[in-house]
Amino acid sequence: MSTPAYQQIKDYLLSEIQAGRWRAGDQVPSENELVKRFDVARMTVNRAVRELAAEGVLTRSQGAGTFVAATKYQSTLVDIKSIAEEIRARGHEHTAELLKLQAVKADTTLAAEMGLQVGAPLFYSLILHRENGLPIQLEERWANPQLAPDYLKQDYSRITPNEYLTRAAPLSRVEYRIEARRPDRTAKARLAMDKDEPCLVLHRRTYSSGLVASVANLYHPAGRYQFSGHF
């Protein structure tokens, strides 16, 4: 399946930014220039530029042009910090047990959520985090190899995926939702949960340079965890 024309334009603009040829504040080619370069309709170019502006990669100024946006770090209701940092801030000991670390292929759901084609390569990890020896979070994460090429090479007993990704693919945007969910039998056993105890699940999608960097499901025993924050 060929890549849509508007996506080709987005990929071109992103590649120039990621390669450092255009930096924050630099003006990018006008829509007229992109129309000629890609031999497409004006509305196709407009869609690509409009989507990158919505993703925080570009800024548009009426009458002046389109520019590379400055990188913005987002802090909302849930701070984007590692579970290890959170535990240590309480003066407690963090340990991590790596359960799975492997290359996988995007299924239909993941492909749609990460803006990739079905079957595209992804990196997958499953890690159990403990606080003073007690299971506190089961982290299930899919990472984009385009932004985190060394994801499978990290020692996740010493560094969390969040800490690696923050360095490899600095955040430009974060989306999340929190819900109560009954975990499956395996997750319940790993988190040492009571029979009828629900999980608090944080589903989080992070972006870097307009691309989805990772998608994660973070499972927490409801009786041992709470979300808090300020903005």
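Biologist: How many aromatic pairs does the structure hold?

Modeller: The structure holds six aromatic pairs. Rings of Phe, Tyr and Trp (its six-membered ring) pair if their centres lie within 6.5 Å. This is a predicted model, in which local features need pLDDT of at least 70 and side-chain atom pairs count only at pLDDT 80 or more, whereas totals for chains, interfaces and linings use all residues. Residues are numbered from 1 along each chain as its sequence is written, and side-chain values use heavy atoms, with hydrogens and water left out.

Biologist: Why is the pair of Phe-123 and Tyr-151 called stacked?

Modeller: Planes under 30 degrees apart count as stacked, over 60 as edge-to-face and the rest as tilted. The ring centres of Phe-123 and Tyr-151 are 6.4 Å apart and their planes stand at 10 degrees, so the pair is stacked. The pair links distant parts of the chain, 28 residues apart: Phe-123 is in strand 4 (residues 121-131), and Tyr-151 is in the loop between strand 5 (134-143) and helix 6 (161-168). Helices (H or I, at least four residues) and strands (E, at least two) are DSSP runs, numbered from the N terminus.

Biologist: What makes the pair of Tyr-151 and Tyr-156 tilted?

Modeller: For Tyr-151 and Tyr-156, the distance is 5.4 Å centre to centre, with 45 degrees between the planes, and the pair is tilted. Both Tyr-151 and Tyr-156 are buried, and Phe-123 is buried as well. One aromatic cluster is formed by Phe-123, Tyr-151, Tyr-156 and Tyr-164.

Biologist: How do you know whether Ile-83 is buried or exposed?

Modeller: Buried means under 20% relative accessible area, exposed over 50%, and partly exposed in between (1.4 Å probe, protein chains only). Ile-83 has 5% relative accessibility and therefore counts as buried. This residue lies in helix 4 (residues 83-89). Leaving aside neighbours within four places in sequence, Ile-83 is in contact (heavy atoms within 4.5 Å) with His-94, His-129, Ile-136, Gln-137, Thr-160 and Tyr-225.

Biologist: Why does Leu-99 count as partly exposed?

Modeller: The relative accessibility of Leu-99 is 26%, so this residue counts as partly exposed. Leu-99 has its place in strand 3 (residues 94-105). Not counting residues up to four places away in sequence, Leu-99 touches Leu-126, Leu-128, Leu-138 and Arg-190. The C-alpha atoms of Leu-99 and Ser-125 are separated by 7.5 Å, although these residues are 26 apart along the chain.

Biologist: What makes helix 1 roughly perpendicular to helix 2?

Modeller: The axes of helix 1 (residues 5-18) and helix 2 (residues 31-38) come within 12 Å and cross at roughly 115 degrees. That makes helix 1 roughly perpendicular to helix 2, because angles of 65 to 115 degrees count as roughly perpendicular, under 35 as roughly parallel, over 145 as roughly antiparallel and the rest as oblique. Axes are lines fitted to C-alpha atoms, for helices over the stretch in contact, and angles run from 0 to 180 degrees between N-to-C directions.

Biologist: Which residues make the contact of helix 1 with helix 2?

Modeller: Helix 1 contributes Gln-8, Ile-9, Tyr-12 and Leu-13, and helix 2 contributes Leu-34, Arg-37 and Phe-38.

Biologist: How many helices and strands does the chain have?

Modeller: The chain has seven helices and eight strands. Of its 231 residues, 43% count as buried.
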